[in-house]
Amino acid sequence: MRVVSGIQPTGNLHLGNYLGAIRNWVRMQDEIAGADGSTKEEGGECLFFLADLHAISMAHDPAALKAGTLEMTAALVACGIDPDKSILFNQAQVPAHAELQWLLSGTARMGWLNRMTQFKDKSGKNREGASIALFTYPVLQAADVLLYQATHVPVGDDQKQHLELARDIAQKFNGDFCTEEAPVFTLPEPIVPAEAARIMSLRNGSAKMSKSDPSEMSRINLHDDADMITKKIKKAKSDADDLPSEVAGLEGRPEALNLVTIYAAITGETADSVLSQYGGKGFGTLKPALAEVLVDAFAPISARFRELKDDRESLDAILARGAAKARQRGEDTLKQTYDALGLVRG
């Protein structure tokens, strides 16, 4: 089992990122790897990367991208990604990602890319003004996972379409250039974590928690201290009604549902279990309790993050070691791809 997944290096990891993706990465890492870094399953491993090549598909500030890559590395390690158990790296240090994207561009089809909803969403009404990189972004995503013969890729609802594209590209390439007995690419399967919590804004229960929201009060950031976490939860939007005793009673109350969801995700309980404790009570009771469990959960993560984020030497070393391992893992696949296409490399 080989798990491959990436994250945009925008820095400023928040509670939604942690509960929605990163915590599940840590669980997968620990399930696949032994305590000493040896694999429980022969050949099993996790590769987690900072998608800095993807980041240049949109307008960006180079200095902010560099800083965000290092900050996100510190955040992932602080959250529990162990460079001795997993392979942690950034794309830019593994040129094979970009090479394989180009090699796969001859197999990917315009019609397939035209159906990608993320391009339509991100380009908006200015499709003619969007970068080519934004349009071909999903081919790079395919290269990201196919390079390493990924067997499984964690996906949210917004990424299922891109994984299907990766499978389509792999299948067509194998069919066009390989024998049935010796395909180049493995077709990756999706992992949809059952416990991936969907965390919404603290100011609007109908919008996802996002680092792009101009209001700092809309999210809990990894670097927030105990006082700031408590302040944000105290001021989080709620309503005037008491909490019900079961989840069905939260219908039409998105902010109340969000706070209960956060409490359940942090403590490992179900939403119904949380409501069995707080049903009939108001937010004056729930919010202090929620702030307390968040502070307890984030305290060790925040401390480790603050320790790491300015240690450039350690962060560079983590990324360099990970990239060296990733280059080695992808070398054979890249060679097979060139050979299958009939490209002469000497």
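I began with Lys309, which I list as partly exposed because its relative accessible area is 35% (buried means under 20%, exposed over 50% and partly exposed in between, with a 1.4 Å probe and protein chains only). Its salt-bridge partner is Asp310, with the closest N and O atoms 3.3 Å apart, where a salt bridge is a side-chain nitrogen of Lys or Arg within 4 Å of a carboxyl oxygen of Asp or Glu. Asp310 counts as exposed, at 62% relative accessibility.

I noted that this is a predicted model, in which local features need pLDDT of at least 70 and side-chain atom pairs count only at pLDDT 80 or more, while totals for chains, interfaces and linings use all residues. Residues are numbered from 1 along each chain as its sequence is written, and side-chain values use heavy atoms, leaving out hydrogens and water.

I searched the whole structure for salt bridges and found 13. One of them joins Lys335 to Asp339, with the closest N and O atoms at 2.8 Å, and both residues lie in helix H13 (residues 312-341), four residues apart, or about one turn of the helix (helices are DSSP runs of H or I with at least four residues, strands runs of E with at least two, numbered from the N terminus). Lys335 is partly exposed at 46%, and Asp339 is partly exposed at 45%. I then recorded a network in which salt bridges with shared partners join Glu216, Arg219, Asp224 and Lys232. Within it, Arg219 and Glu216 have their closest N and O atoms 2.9 Å apart; Arg219 is buried at 3%, whereas Glu216 is partly exposed at 38%.
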